[in-house]
Amino acid sequence: MIDETEIKNIGREFGIDQLRISSPAPFPETAKIIQGLKRKGYYLSNEYLLKIDTEYFCNIETRFPWAKSIIICALGYLTDEKLPQSGNGPYGLIARFTWRNNYLILKRKLKKLARFLKENFNAQCRIFSNGPIPEKPIAQRSGLGYYGKNGLIINHKFGSWMVLGEIVTDLELKPDPPIEDNCGECNKCIIACPTRAIIKPYIIDSTRCIQALSGWYGPVPEPIARVWGNRLYGCTTCQDVCPKNSTVKPHPPESEIGYVGPGLSLLKILNFSEDEFRSNYAKNQLTASWVDFRAIKRNALICLGNTKDKGFLPLLKKFTDSSDPVLARTAQWAIKNLNNG
Ligand code: SF4
Ligand code: SF4
């Protein structure tokens, strides 16, 4: 029978950066936190945590009665690519984790590991990458990292610049212990968050968080639009300022799956039909089911409104006639913001 050390060695051979083992025991504390966030109204309507049965979600043993262990894995994504240069027309920033489809890259590695375990040890395996499974509590329990006050898991090697994936398996493996570490006195992410979305350490209000709002279709409140900057999808400010991320060594990109890069042309996005958008970025999370295309267009209008370049007024004026009330309203806001600038 294979043991946890061999599994980790083989996983690393398949290109998985970090592997730890967790027990599949329930996460009652996580369930309480999710219920509290639901009661406070801190989830957006497109978030799956709002819709799921919380107790069931947090109980791996109920969901997968055959599960004996969880292999939690991470892929670092801090690459050494350059940020887009200004001068090539207005562009919108794409959050670093979405420059390419890191979840799919990791998932393919997890599939290789799961196939190996099945073929050689007849193991039952179920793979997750980007949910739906309580991946951060699993990472914390297994010592893959600890919770930062920005709500993200911080790993000693990759900081929070990593995506997580899991293999739930019926192999009986020895769990790794949690690590004793925390943010200490640091509050940099809480101070730097442009929308004050980190209500208190570890508690994020998604209805104020640009990362969450950028994929959700609806009107963005004016105070948030004003500090939105030129983010087309996602936000990494609370990661950019984190001292635990400043020592992470960037590496060259290893795969171009779903590549969109650090910035996209706003004018191109505003001209795209939904079909064009989906076929251009087919393998990227930008076209994931929970990211609304209309939200991306709305974000592009907010970005234009924040350029302070009145040359975009005619284009924005066209969008005020849109049959989509959110786009029309956002364009009106953008015009007002440009004229006030
Ligand atoms: S992702 Fe951006 S908006 Fe959300 S908590 Fe972090 S800094 Fe704030
Ligand atoms: S910025 Fe500071 S408080 Fe926030 S996650 Fe990083 S170490 Fe923790």
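A residue counts as near a molecule if its C-beta atom, placed from the backbone, lies within 6 Å of it.

**View 1. The shell around ligand 1 in the predicted model.** Ligand 1 is surrounded by Asn150, Cys193, Thr195, Ala197, Ile198, Ile204, Cys209, Ile210, Gln211, Cys235, Thr237 and Cys238. Sorted by class, this shell has eight nonpolar and four polar residues, and no charged ones. Two helices, H9 (210–213) and H11 (237–240), each supply at least two residues of the shell around ligand 1.

**View 2. The shell around ligand 2.** Around ligand 2 stand Gly148, Lys149, Asn150, Cys183, Cys186, Asn187, Lys188, Cys189, Val241, Cys242, Pro243 and Lys244. Six residues of this shell are nonpolar, three are polar and three are charged. Domain 1 and domain 2 both give residues to the shell, so ligand 2 lies between them. Asn150 belongs to the shell around ligand 2 and is also listed in the shell around ligand 1.

**View 3. Domain 1 against domain 2.** The chain is divided into domain 1, made of 4–24 + 64–91 + 100–169, and domain 2, made of 188–242 + 265–340. Their C-alpha centres lie 28 Å apart. Where the two domains meet, 15 residues of domain 1 are in contact with 18 residues of domain 2. The side of domain 1 that touches domain 2 has seven nonpolar, seven polar and one charged residues.

**View 4. The open sheet of four strands.** The strands follow the order E1-E2-E7-E4, and their pairing is antiparallel. Strand E1 (18–22) and strand E4 (125–129) are the edge strands, each pairing on one side only. On average, neighbouring strands of this sheet are turned by 20 degrees against each other, with direction ignored.

**View 5. Strands E4 and E7, with the helices on the sheet.** E4 and strand E7 (residues 162–169) run antiparallel and are joined by five bridges. Ser129 stands opposite Gly165 in E7. Helix H1 (residues 4–13) lies across E1 and strand E2 (69–76), and runs at about 150 degrees to E1. Helix H6 (residues 102–121) also packs on the sheet, where it touches E2, E4 and E7. The direction of H6 makes about 170 degrees with that of E4.

**View 6. The open sheet of three strands.** Here the order is E10-E3-E11 and the pairing is mixed. The edge strands are E10 (231–233) and E11 (263–265), and each pairs on one side only. The twist from one strand to the next averages 45 degrees. Strand E3 (residues 91–94) pairs with E10 in the parallel sense over two bridges. Tyr233 in E10 is the bridge partner of Ile94. Helix H14 packs on this sheet, touching E3 and E10, and its direction makes about 175 degrees with that of E10.

**View 7. The packing of helices H14 and H16.** Two packed helices are described by the angle between their axes and the distance between the axes. For H14 (residues 293–305) and H16 (residues 325–340), the angle is about 10 degrees and the axes are 8 Å apart. Angles under 35 degrees count as roughly parallel, and H14 and H16 are therefore roughly parallel to each other. On the H14 side, the residues of the contact are Arg294, Lys297, Arg298, Leu301, Ile302, Leu304 and Gly305. In H16 they meet Val326, Leu327, Thr330, Ala331, Trp333, Ala334, Asn337 and Leu338. By class, this contact has nine nonpolar, three polar and three charged residues.

Note on methods
Residues numbered from 1 in each chain as written. Chains lettered and ligands numbered in written order. Predicted model: local features only at pLDDT ≥ 70, side-chain atom pairs only at ≥ 80, totals over all residues. Nonpolar A, V, L, I, M, F, W, Y, C, P; charged D, E, K, R; others polar. Domains from an automatic or database assignment. Pairing = 2+ DSSP bridges. Axes fitted to C-alpha atoms, helices over the stretch in contact; angles between N-to-C directions. Contact = placed C-beta atoms within 7 Å. Parallel < 35°, antiparallel > 145°, perpendicular 65-115°, else oblique.
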